[in-house]
Amino acid sequence: MDIAWVITIFAIGFVGSFISGMVGIGGSIIKYPMLLYIPPLLGFAAFTAHEVSGISAVQVFFASLAGVWAYRKGGYLNKSLIIYMGSAVLIGSIIGSFGSSNLSEQAVNIVYGILALIAGLMMFIPKKQIDDIPLDQVKFNKPLAIILSLIVGVGSGIVGAAGGFLLVPIMLVVLNIPTRMTIATSLAITFISSIGSTIGKLSTGQVDYLPAVIMIVASIIASPLGAKAGKKLNTSVLKWILAVLILGTAIKIWIDIL
């Protein structure tokens, strides 16, 4: 085990988890391409797409849990949203993660690219003044939330991403949930989703344990720090950060696929 390799994996986990806590995603939208491309770029052995998705699934479990803990006060967690969307995402992620072992690496990357592209485009759709809604008066379309969450769950289970990067634009644009409530609640839903993804990846032998442990340690440290930073940033800044990250990742993935 090379110390430079350990530092590289830790840094990838730290950066991804910090952003995870700040904008309400599990962090795979950042860590998936970083794990795929940075180690071989620095001369280390490359991870396969299946290994990356497995490591991501386990790491997201801890990153989202740490983020939720940081947001537990302030009324940002919408329990109704968590129950409806979390249940649907969990079912979908279990289906997707078990089915992913039968897909080729190219297919896993294509699924990831499609999800990232959809999420990125959604972030640029003009939004209503949702941040003016009092947190205790937030309402949403429950059947629509369940259907969309189930779809997100299946796709995220395939790539081990837990779906946070898709849940945020859905909650903001489709369900009209205020930004800070979206960030906190999506982390809780992402945590639930990651349970299904993690079980599927572990039981089908898609997890490389050493890098997964290194990234878990980074997640526990960085995710709460990101959440603290996110509470201080302007909501419009948070939206633009997420939109740029998602779209940039989608472009990179599709360049490599094509």
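These legends go with a handful of close-up views of the structure above.

The model is predicted, so local features are taken from residues with pLDDT of at least 70 and side-chain atom pairs from pLDDT 80 or more, while totals for chains, interfaces and linings use all residues. Residues are numbered from 1 along each chain as its sequence is written, and side-chain values use heavy atoms, with hydrogens and water left out.

**View 1. Helix α3 against helix α8.** Here α3 (residues 49–70) and α8 (residues 179–203) bring their axes within 8 Å and cross at roughly 150 degrees. Helices are DSSP runs (H or I, at least four residues), numbered from the N terminus. The axes are lines fitted to C-alpha atoms over the stretch in contact, and angles run from 0 to 180 degrees between N-to-C directions. The two helices are therefore roughly antiparallel (the label for angles over 145 degrees). Their crossing is left-handed, meaning the near helix is turned anticlockwise from the far one by less than a right angle. Residues that meet here include Ala57, Phe61 and Leu65 from α3, and Leu187, Phe191 and Ile195 from α8. By class, this contact has eleven nonpolar, eight polar and one charged residues. Nonpolar means Ala, Val, Leu, Ile, Met, Phe, Trp, Tyr, Cys and Pro, charged means Asp, Glu, Lys and Arg, and the others, Gly among them, are polar.

**View 2. Ser64, zooming in on α3.** Ser64 sits in helix α3 and counts as buried because its relative accessibility is 0% (buried is under 20% relative accessible area, exposed over 50%, partly exposed in between, with a 1.4 Å probe and protein chains only). Setting aside neighbours within four places in sequence, Ser64 is in contact with Leu187, Thr190, Phe191 and Ser194; contact means heavy atoms within 4.5 Å.

**View 3. Helix α3 against helix α9.** Now look at α3 with α9 (residues 209–232): the axes are 8 Å apart and the angle is about 30 degrees. This crossing is right-handed, with the near helix turned clockwise. Among the residues making the contact are Val58, Phe62 and Ala66 of α3, along with Met215, Ile216 and Ile220 of α9.

**View 4. Two glycines in helix α9.** Gly226 lies in α9 and is buried, with a relative accessible area of 0%. Not counting residues up to four places away in sequence, Gly226 touches Phe18, Gly21 and Met22. Gly230 is also found in α9, and counts as buried at 1% relative accessibility.

**View 5. The largest nonpolar core.** This core has 64 residues, and Tyr32, Leu35, Met85, Leu175 and Ile177 touch the most other members. A nonpolar core is a set of buried Ala, Val, Leu, Ile, Met, Phe, Trp, Tyr and Cys residues joined through side-chain atoms within 4.5 Å. Helix α7 (residues 164–174) gives the largest share, eight residues. Leaving out neighbours within four places in sequence, Met85 is in contact with residues including Leu167, Ile170, Met171 and Leu175.

**View 6. Asn176, between two helices.** Asn176 is in the loop between α7 and α8. Its phi is near 55 degrees, a positive value in a residue other than glycine. At 22% relative accessibility, Asn176 counts as partly exposed.

Technical notes: Parallel < 35°, antiparallel > 145°, perpendicular 65-115°, else oblique.
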